[in-house]
Amino acid sequence: MKKSNLCKSLLRFVTELRLCRLMCGRPVAFRLVHSQGGYAPIIQGIAPKMAFCNFGKSETCRTSGGRAAIVALQNSLTYLLLALMMVTFCGSGVSQTNTDGLVKLALERNGELRAARQMIVEARGRLRQAGLKANPMLETSGTRAANTPDNNLMLGLQLPLELKGRRQARVDVAAKEIELREAEVKDFERKLVADVRMKVSVAFAAQRNLRLTDDLLKLTRDLLRLVNARVQEGKSAPLEASLLAVELSRIEATRIGAESQVEVALLDVKKTIGVNPDEPLQLSGDFVTERTLPARGELIALALKYRPDLAAARAAETFAAAQLEQARIEGRVDASIFASYGRMSSGYDVRGFNEAGALVPVTGVFHNLTFGVRVQLPTRNKNQGNIEAAAAALEAARLRREFAETVARNEVATAQLRFERAGNAVAVYRESVLKQGQKNLDVIRMAYEFGQRTVLDYLSEQRRFVELETGFTALLKECYDALIETERAVALPYTDLNRK
């Protein structure tokens, strides 16, 4: 809705309001009542969708001009209300996102994850560097005598051969490092997804408690209005209204705390995702607890197959093995070839005759070409220390991998047991506790309305029911958290687990 159209609507509303006042001689007002879907106009009088009444008068506009103005005013107001609703809806900027959307946003915007992904880029750079051949070495030198014209110039070139697969060993180590970094990033993503879902679980619980407090607040207000009416008629004591007023204030204070918990939970979600605290965020959805998971043995098999931390442990083991092989190769024979050219100019402080019979200094220029092979003999330094260190690192990686597999089995068993027990508790609580508690509260309320119970009895039962609802929220959160833990332990979303 453009601002110009909204201004036209306001102008039309004001114009028709003045027209109606001129025709009937009285100002016009309308009132709205709250219905199930929101605020809706009262159906009364001439206007079919809007109720009009005069300020301080009981009769409505009866002239034809007044009726026409009221109908036109009704149409204008309807259009204006729709325009305001569209502006409010489109301009609010509230982002309503479910859990999967938040997970996707976290995988895109979390700063630590983005930094971890750069480790893969670093490893790829090292792989490229490892595959490059050794550079040749150019050597040049010159010598000149201080008291004679003798001089010597040498130019040499040396090329390392990298025997015994040295370059391939470097490449293998760099390739294994890429596998390790990729597995570590996937494990980071697995933990981040579970962390986001855990934070969303806290937000769901806070929102559910807030809705419960809102419902309780509405019921208490309705009851207070009823009691006030009974007090005015003399059917109830003023103490009952005072007790309900105190209870209403207590619930309002509780609602402030519940609303604060929702806001804090949403800020925690934003922090985990990587969203600025000022950006709007509104959660949609609720706890997911009704899932049928595979048997424990199948879950363990899936965890051993899909968990990226186990893949990282295996990659670390192969990486250590590649480093051990590289250390062994570095301790073997290596060689390089070389070639050099030398120019030597030498002479004596005497003179002799040349071919033409002229007397000239005795000098000579000599050109030398040298080539050969330099061999590194590993007689004393066979890289023994690095080999021992690499072997120890390989053994440590193997032990970590075996322990990680054991931990994964235990985590899967714990998460599955926790989910089963929490699911059973939710089912029992829903059928045997909440329904009966609701019935008890309804009975106490009806008994109070008939005068067979005091307001204290009703308030006590209402608080007990609130405790039951709060306990049910905690059970729902426990079941949902157990499902998230199962997802984290198996490294598969619960939707995929449900299909396995």
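**Ground rules.** I am working on a predicted model, in which local features need pLDDT of at least 70 and side-chain atom pairs count only at pLDDT 80 or more, while totals for chains, interfaces and linings use all residues. I number residues from 1 along each chain as its sequence is written, and I take side-chain values from heavy atoms, with hydrogens and water left out.

**Overall.** I noted eleven helices and ten strands in the protein, these being DSSP runs numbered from the N terminus (helices are H or I with at least four residues, strands E with at least two). Of the 500 residues, 35% count as buried, where buried means under 20% relative accessible area, exposed over 50%, and partly exposed in between, with a 1.4 Å probe and protein chains only. Among contacts (heavy atoms within 4.5 Å) with a separation of 6 or more, residues 24 or more positions apart account for 77%.

**Aromatic rings.** I found five aromatic pairs in the structure; rings of Phe, Tyr and Trp (its six-membered ring) pair if their centres lie within 6.5 Å, and planes under 30 degrees apart count as stacked, over 60 as edge-to-face and the rest as tilted. The pair Phe204 and Tyr480 is tilted, because the ring centres are 6.3 Å apart and the planes stand at 50°. Since Phe204 lies in helix H5 (residues 166–233) and Tyr480 in helix H10 (residues 455–490), this pair ties together parts that are 276 residues apart in sequence. Both Phe204 and Tyr480 are buried.

I then turned to Tyr448 and Tyr458, whose ring centres are 6.4 Å apart with planes at 20°, so the pair is stacked. Tyr448 lies in helix H9 (residues 384–449) and Tyr458 in helix H10, so the parts tied together here are ten residues apart in sequence. Tyr448 and Tyr458 are both buried.

**Charges over rings.** I looked for NZ of Lys or CZ of Arg within 6 Å of a ring centre and within 35 degrees of the ring normal. The charged end of Arg230 sits over the ring of Tyr448, 5.6 Å from its centre, and the charged end of Arg374 sits over the ring of Phe338, 4.1 Å from its centre.

**Glu461.** Leaving aside residues up to four places away in sequence, Glu461 touches Gly437, Asn440, Leu441 and Ile444.

Strands pair if DSSP finds at least two bridges between them. Strands S9 (residues 334–353) and S10 (residues 359–376) run antiparallel and are joined by 18 bridges, with Ser340 opposite Thr370 in S10. Five residues separate S9 and S10 in their hairpin, and Gly357 in the turn has a positive phi of about 85°.

Strand S6 (residues 137–144) lies largely in the open, because the number buried among its eight residues is zero. Eight bridges join S6 to the antiparallel strand S7 (residues 151–160), and in S7 the bridge partner of Glu139 is Gly156. S6 and S7 form a hairpin with six residues between them.
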